[in-house]
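I opened this entry to look up pockets, annotated spans and core packing. My notes follow in the order I checked them.

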Amino acid sequence: MKPNKIADDATALPPWEQLWAKIYTFSQQQPRWFEISLVGGAALFLIVIMPLLLSDFRLDLLQRYLALAIVALGIDLIWGYTGMLSLGHGIFFALGGYAIAMHIKLQIPATASNQLPEFMNLYGVTKLPWFWHPFDSFPLTIIAVFLIPAILAAFLGYLVFRNRIRGVYFSILTQAATIVFFNFFNGQQKLFNGTNGLTDFQTILGFPISDNKTQYGFYIITVLLLVGGYALCRWLTTGRFGRLLVAIRDDETRVRFSGYDPTGYKVLVFAISAALAGIGGAMFTLRTGIISPRAMDIAFSIEMVIWVAVGGRATLVGAILGALLVNYGKSLFSEKFPDIWLFFQGAMFLIVVLVLPNGIIGWLRTEGIDLFRKIIRRPRYVATYPQLEEDPEIQRERETLEP
């Protein structure tokens with residue numbers, strides 16, 4: 001019996017099982033086109049169907065979760081595939097948010113008496129700081145959204161990785177960097193409005209930000225960016241480059257003895273991960289209408305890691321799924337149980353860690369697929385020859401020998 005026997009005798013199955021058999025056969029014969037079809041179908045569903053099913057409030061939440069899923073992809077790329085646990089991605093998330101927010105705050109009508117953001121007037125600022133000027137240009141702002149986090153990550157990563165710092169020490173350093181940036185932005189009232197952050201967004205490219213049509217445009221862009229981020233990460237994690245990332249994760253010392261220098265690869269992956277975090281931060285800021293130093297809070301950076309752990313490391317799809325489920329769970333629990341919702345959230349994390357140590361996607365790839373095949377009454381996959389497993393004499397011997 002071959003592993004794809006489910007496709008061989010599909011005509012003997014009920015109609016719904018025949019459909020599943022055809023899908024399974026196509027996924028095995030054309031895995032790339034099958035994945036493209038799934039991703040494209042999911043994107044169309046999110047763009048066309050979900051706005052019809054959800055209220056404006058729920059659609060608002062979904063866009064936020066999708067923006068956070070972009071960040072989760074970057075976390076999975078650096079942690080799941082390369083083995084570097086970053087606890088400082090809140091920095092890059094916030095930098096992307098501040099970049100787009102600074103551009104919006106500079107969209108001041110020409111007829112206004114003061115051409116400075118309103119919070120600067122409160123602190124006696126009479127001249128726009130020099131580093132604000134490039135953000136008056138929308139193209140430069142879009143580049144800055146992902147380039148500034150990427151450059152910062154590449155700089156920090158080079159300093160860390162060239163000294164072969166890894167493991168828990170890398171995590172501690174990224175966490176320390178979060179504290180530094182949080183305190184810096186929190187204390188700069190004249191430059192970034194301090195702890196209050198940048199808010200009260202009005203227009204972008206002449207479109208009112210609060211308008212439903214504008215927000216729906218942001219929603220479509222977020223979905224497309226998520227698809228693009230997934231495609232980029234999928235491309236990076238396949239082929240020789242992807243195998244090298246996994247090798248660095250599993251045994252970096254052996255990679256060095258094989259003639260490769262992991263430093264450059266780790267710096268590149270860290271920079272790409274930070275760029276994705278900056279893009280997610282920008283789209284999240286456009287939806288929420290505020291960015292503040294709270295985005296650099298240590299707890300938020302740790303929460304990003306939890307999204308990936310819940311969905312499943314080194315799966316990409318798991319990172320997206322984890323971000324959506326965890327954040328939706330937070331919203332649901334806080335609405336239904338406003339006084340004790342944190343206990344439910346903690347219980348959910350404990351269940352995933354204890355029962356599903358490989359995350360939801362990891363479970364589906366192992367025990368989940370066997371359970372599904374059992375439900376549809378199909379033989380499960382085995383590591384040995386299937387005919388031995390199905391031989392009646394072997395079955396009787398097993399029953400006799402087992403206590």
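For pockets, I took an open set of grid points with protein on both sides within 12 Å along at least five of seven lines. The model is predicted.

**Pocket.** I looked up the second largest pocket and found a volume of about 700 Å³. I then asked which residues lie nearest the centre of this pocket. They are L68, F284, F300, E303 and K330, out of a lining of 23 residues. By class, I noted twelve nonpolar, six polar and five charged residues in that lining. Next I checked which elements supply at least two lining residues each. I listed α4 (56-81), α13 (262-288), β4 (290-291), α14 (298-311) and α15 (317-336).

**Annotated spans.** I turned to the unreviewed UniProt entry for "transmembrane region". The record gives 33-53, 65-81, 87-104, 138-161, 216-233, 264-284, 304-328 and 340-364. I looked at two of these spans in the model. Residues 65-81 are 100% helix, and their end C-alpha atoms lie 23 Å apart. Residues 216-233 are also 100% helix, with end C-alpha atoms 26 Å apart.

**Core.** The largest nonpolar core holds 91 residues. Helix α4 gives the most to this core, with 15 residues. I wrote down the residues with the most contacts inside the core: L73, F92, Y98, W132, L198, Y219 and W307.

**L73.** What does L73 contact, leaving aside neighbours within four places in sequence? I found L226, G229, Y230, C233, L276, L316, A319 and I320.

Note on methods
Residues numbered from 1 in each chain as written. Predicted model: local features only at pLDDT ≥ 70, side-chain atom pairs only at ≥ 80, totals over all residues. Heavy atoms only, no water. 1 Å grid on protein atoms, 1.4 Å probe; cavity = no way out; pocket = protein on both sides within 12 Å on 5 of 7 lines; lining within 4 Å. Points joined across faces, edges and corners; volume = space filled by probe spheres on them. Helix = DSSP H or I, 4+ residues; strand = E, 2+ residues; numbered from the N terminus. Nonpolar A, V, L, I, M, F, W, Y, C, P; charged D, E, K, R; others polar. UniProt positions renumbered as here; feature names shortened; annotations may be inferred. Core = buried A, V, L, I, M, F, W, Y, C linked by side-chain atoms within 4.5 Å. Buried < 20%, exposed > 50% of the residue type's maximum accessible area, 1.4 Å probe, protein only. Contact = heavy atoms within 4.5 Å.
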